[in-house]
Amino acid sequence: MDKLSKTSLNYYLSEYLADLKRAGVQELWRGDSEGSAAERRDDAPQSEARPAPRPAPRPAPAAVARAPVVNASSTCANDVYAELARALEVAAGAGAADDVVSRTARLRAIAAVVARCAQCPALVANRTQTVFGKGNPCSELVFIGEGPGAEEDLRGEPFVGRSGKLLTDMIEKGMGLSRSDVYICNIVRCRPPGNRNPTVEEARACRPFLDATLGVVRPKYVCCLGSIAATNLLGVETSIGRLRGMAHEHNGAQVVCTYHPAYLLRNPSAKKDAWQDLQLLMRIMGLAIPTKKRSSES
Ligand code: URA
């Protein structure tokens, strides 16, 4: 096994142990799996903000035609981490390069495992396809959302609907970056039916894929969009209103949490708080902050 594969494997093993610890924390959270009423008011389900569901489900596009599925009955986090480690070992191939090409190959290997995943029956039955992350695999900054909506499910890309348009404005008009410079992914990779929140179990089942993605991109900065992203990444049960406005830490990355773009679409008055959060992120990243109000605030 080459050095890179060993590093990746060590990463997943240590993440798996951390996952077990987190499971302890989330058992406590499970008792209140829908989040507190205050939290739901803070960052409520996104049904109004997401595109209306299409009348008839479309067949899966050829590009995502199902490969044999991972054995759902025997799959557990351990199996998924092991399968990811094998896929990454193959993708790392001959060299130990850590550049755009090799990171892209490793992300594709993870995406292929994701596309076969059948751990969550309700999501598998409902999805057109899985929705993996997208963006610059060498970016210092990763945005994490909740899960694909209708548009994302159809197109197979994260944040391409109305929320995605606002997220693009936050990144480009707000932060002065290009969307293609950053990496964007979600807590879960299948669309929850009716755009409900992903359950604790679904978020946990998808966690190895998030860990593996972050293990390849290794961001210095993470921006969590909304309470589902923030609480799951950080393993806490605090409302987004309390998590925002300060920096957190996860695996060596500095994490800023803010409101989900879908929430901002429903509650434009919260955009000023989100702009404060983006400015905090920019300060941490050493980016210049414009003196004039950006148009994403209006
Ligand atoms: N909302 C999310 O949280 N993620 C997406 O990809 C789209 C909408």
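This report describes the confidence, the nonpolar core, the ligand shell and one glycine of a predicted model.

## Confidence

Across the chain the average pLDDT is 80, with 72% of the residues scoring at least 70. Over residues 1–10 the pLDDT is below 50, and beyond near neighbours in sequence this stretch has 15 contacts in the model. Where pLDDT is low, the predicted coordinates should not be read in detail.

## Nonpolar core

The largest nonpolar core holds 67 residues, and those with the most contacts inside it are Ile-110, Val-142, Ile-144 and Cys-224. Helix H8, spanning residues 200–217, gives the most to this core, contributing nine residues.

When residues up to four places away in sequence are left out, Val-142 touches Val-182, Tyr-183, Cys-185, Leu-214, Val-217, Pro-219 and Val-222.

## Ligand shell

Around the ligand lie Gly-145, Glu-146, Gly-147, Pro-148, Gly-149 and Glu-152, together with Pro-158, Phe-159, Ser-163, Gly-164 and Asn-186. By residue class, this shell divides into six polar, three nonpolar and two charged residues.

## Gly-241

Gly-241 belongs to helix H10, which covers residues 240–243. This glycine counts as partly exposed because it has 17 C-beta neighbours inside 10 Å, whereas a buried residue would need 20 or more. Although Gly-241 and Tyr-259 are 18 residues apart along the chain, their C-alpha atoms are separated by 8.2 Å.

Notes. Residues are numbered from 1 along each chain as its sequence is written. This is a predicted model: local features need pLDDT of at least 70, side-chain atom pairs count only at pLDDT 80 or more; totals for chains, interfaces and linings use all residues. A nonpolar core is a set of buried Ala, Val, Leu, Ile, Met, Phe, Trp, Tyr and Cys residues joined through C-beta atoms within 7 Å. A residue is buried if 20 or more other C-beta atoms lie within 10 Å of its own, exposed if 12 or fewer, and partly exposed in between; C-beta atoms are placed from the backbone. Helices (H or I, at least four residues) and strands (E, at least two) are DSSP runs, numbered from the N terminus. Two residues are in contact if their C-beta atoms, placed from the backbone, lie within 7 Å. A residue is near a molecule or strand if its C-beta atom, placed from the backbone, lies within 6 Å of it. Ala, Val, Leu, Ile, Met, Phe, Trp, Tyr, Cys and Pro count as nonpolar, Asp, Glu, Lys and Arg as charged, and the others, Gly among them, as polar. pLDDT is the predictor's confidence in each residue, from 0 to 100.
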